[in-house]
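Have the viewer ready and follow along.

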Amino acid sequence: MPHTPDRMALDVLGLGESSVDHVNLLPAAPLARGTASKLRISSAFDAAGGQIASMLAACSSLGLCAGYLGPLGNDENGQLIRSELESRGVDLTHVVVRDAPARFAIILVDESTGERTVLWHRDPGLDIAEGEIDPAVLTARVVHVDDVDEQAAIRTARMATARGITVTSDLDRVTEHTPELVASVSIPIFAEHVPPTLTGERDPERALRKLRKQYAGLLCVTLGTAGSMALDGDRLIHVPAFSVHAVDTTGAGDVFRAGFVYGLLAGWPPLEILKFANAAAAVSCTRLGAMNSAPTLADVERMLAGAFAAK
């Protein structure tokens, strides 16, 4: 394994969603063909999550210095998220706290496959207005944004790139603002369904090559059980997923992005970055919850070596 990334004040700073997840384990996928219209909940628990908060918790677990910009609600759920992030060593010095309830999600996990359905609610009061993020706080080596509050993400990405900072992303939907957001970041990391929606090409390679005509730089897409793929110039890189018994896929994409940033900061080539990120995501699938699924560096190294055993 290449050397651990050099430490500095902050390795990664994230802007985007945090959440309290109400997780329900079910014996089968809800509304799946052949299942009953009523399903008994096997067990349930509440946990902190959200794509940016979970990604930052995973970064911290891997040994990176991570900070959260927000937004963070000021209700009881917001306090829970704050406590969980602080306990995991995520810096909240510059967090934007809003007079609004924190985002929450109801997550339905199929115990037979680990696949999940997410139902969520986000108060508009969590949106970050122009001018609320001071460019001076953007001093991390990487800034990571999602696409929930797109205008805030675009503004922040542009401010960061203007300061010479690499900006990575969690792109999970397609709206009229998506092309602008993709153009604003240094390395877009797409969810599997996004490139086909943007390009009309169902094949991920053809979709990435079509996106290449509009966007320079490294393009990456997560592919679930098919692993991940990147287009580095004209070179296509596909890394299969690790085979694990998945108990909960919640947060796997967030952990992938944490692993990606870890490898990026270490200066690894794209192939090694994808292998490491895939391994990190695979570990997370063997555990329940979003933040709670974050692997340590040792966990990922064992997965890469073929010696990982789920606890």
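Glu205 comes out as partly exposed in this predicted model, at 30% relative accessibility. Its salt-bridge partner is Arg209, with the closest N and O atoms 3.1 Å apart. Arg209 is partly exposed as well, at 31% relative accessibility. Both residues sit in helix H6 (residues 204-212), and because they are four residues apart there, about one helical turn separates them.

Elsewhere, salt bridges with shared partners join up into one network made of Glu17, Arg103, Arg122 and Asp127.

Now for a pair with a longer reach in sequence. The side chains of Arg98 and Glu132 meet in a salt bridge at 3.2 Å, N to O. Arg98 belongs to strand S6 (residues 97-98), while Glu132 is in the loop between strand S8 (116-121) and strand S9 (142-146), so this contact ties together parts that are 34 residues apart in sequence. How buried or exposed are the two ends? Arg98 is buried, with a relative accessible area of 19%, which puts it just inside the cut-off of under 20%. Glu132 is partly exposed, at 33%.

Next, go to Arg257 and Asp170, whose side chains form a salt bridge at 3.6 Å, N to O. This one links distant parts of the chain: Arg257 is in helix H7 (residues 252-266) and Asp170 in strand S10 (residues 166-170), 87 residues apart. Arg257 counts as buried at 3% relative accessibility, and Asp170 is buried too, at 7%.

Notes: Residues are numbered from 1 along each chain as its sequence is written. This is a predicted model: local features need pLDDT of at least 70, side-chain atom pairs count only at pLDDT 80 or more; totals for chains, interfaces and linings use all residues. Side-chain values use heavy atoms; hydrogens and water are left out. A salt bridge is a side-chain nitrogen of Lys or Arg within 4 Å of a carboxyl oxygen of Asp or Glu. Helices (H or I, at least four residues) and strands (E, at least two) are DSSP runs, numbered from the N terminus. Buried means under 20% relative accessible area, exposed over 50%, partly exposed in between (1.4 Å probe, protein chains only).
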